[in-house]
Amino acid sequence: MSFQTTDSKKEEFRKYLEKAGVIDQLTRVLVGLYEEPEKPNNAIDYVKKYLGSPVDIDVDKLKLEYEKMKDENIRLKREIAELKKELQAALQEQN
């Protein structure tokens, strides 16, 4: 009974991949790799490049940069709020 359940789950997943176009894309990239006259040294990088994924990305560096930018954004928003308060106070003093 569990054998049928496993097979039906596999079939359901296969249909999902087919409907989403994943199978076609993978087939194209693998055929392209097969037809390459000179096989690349790194097949994974070839697949990534074909699918539009950047190669040699330092994820940890990007995460650190993201955190720095997020902190800078928070700091700038606070600074804007303070400047608006100062401007509002200066305008009230003039009136």
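This is a predicted model: local features need pLDDT of at least 70, side-chain atom pairs count only at pLDDT 80 or more; totals for chains, interfaces and linings use all residues.

Reader: Fine. Which residues of α2 are buried?

Author: The buried ones in α2 are Val29, Gly32 and Leu33. They lie on the same side of α2, because they cover an arc of only 100° around the axis.

Reader: What covers them?

Author: The cover over the buried residues of α2 includes α3.

Reader: And which exposed residues sit on the face turned away from the buried side of α2?

Author: That face carries Leu30, Tyr34 and Glu35, which are exposed.

Reader: How many residues does α2 have, and how far does it reach?

Author: α2 has 14 residues and reaches 20 Å from its first C-alpha to its last. That is close to the 20 Å expected at 1.5 Å a residue.

Reader: Switching to the surface. Which residues make the nonpolar patch?

Author: Val22, Leu26, Leu30, Tyr50 and Leu51 make a nonpolar surface patch of about 420 Å². Leu30 also belongs to the exposed residues on the face of α2 turned away from its buried side.

Reader: Which helices supply the patch?

Author: α2, residues 22–35, and α3, residues 43–51, each supply at least two residues. The largest share comes from α2, with 3 residues.

Reader: Take Leu51. Where is it, and is it buried or partly exposed?

Author: Leu51 is in helix α3. Its relative accessibility is 42%, so Leu51 counts as partly exposed.

Reader: Charges next. How many salt bridges are there?

Author: The count comes to 5 salt bridges. In general, side chains of opposite charge can pair when their charged atoms come close.

Reader: Give me one to find. What does Glu11 pair with?

Author: The side chain of Glu11 meets that of Arg14 in a salt bridge, at 2.6 Å from N to O. Glu11 and Arg14 are separated by about one helical turn, because they are 3 residues apart in helix α1, residues 2–20.

Reader: Why does a spacing like that matter for direction?

Author: An α-helix has 3.6 residues a turn, so residues three or four places apart point the same way.

Reader: Which other residue does Arg14 meet in a salt bridge?

Author: Arg14 also meets Glu18, at 2.5 Å from N to O. Both lie in helix α1, 4 residues apart, which is about one turn of the helix.

Reader: What does Arg75 form a salt bridge with?

Author: Arg75 forms one with Glu79, and their closest N and O atoms are 3.0 Å apart. Both are in helix α4, residues 59–94, and they sit 4 residues apart, about one turn of the helix. Arg75 counts as partly exposed at 40% relative accessibility, and Glu79 is partly exposed with a relative accessible area of 34%.

Reader: Staying with α4, is Lys68 buried or exposed?

Author: Lys68, which is in helix α4, counts as exposed because its relative accessibility is 56%.

Reader: How far is Lys68 from Ser53?

Author: They are 15 residues apart in sequence and 24 Å apart in space, C-alpha to C-alpha.

Reader: Last one. What about Gln92, buried or exposed?

Author: Gln92 is also found in helix α4. At 57% relative accessibility, Gln92 counts as exposed. From Gln92 to Glu72 there are 20 residues in sequence and 30 Å in space, C-alpha to C-alpha.

Methods:
Residues are numbered from 1 along each chain as its sequence is written. Side-chain values use heavy atoms; hydrogens and water are left out. Patches are made of residues with over 30% relative accessible area and no salt bridge: like charges are joined within 9 Å, nonpolar side chains (Val, Leu, Ile, Met, Phe, Trp, Tyr) within 5 Å. Accessible areas come from the Shrake-Rupley method with a 1.4 Å probe; for residues, only the protein chains shown count as cover. A salt bridge is a side-chain nitrogen of Lys or Arg within 4 Å of a carboxyl oxygen of Asp or Glu. Buried means under 20% relative accessible area, exposed over 50%, partly exposed in between (1.4 Å probe, protein chains only). The expected span of a helix is 1.5 Å times one less than its number of residues. The arc is that of the directions from the helix axis to the C-beta atoms. Contact means heavy atoms within 4.5 Å.
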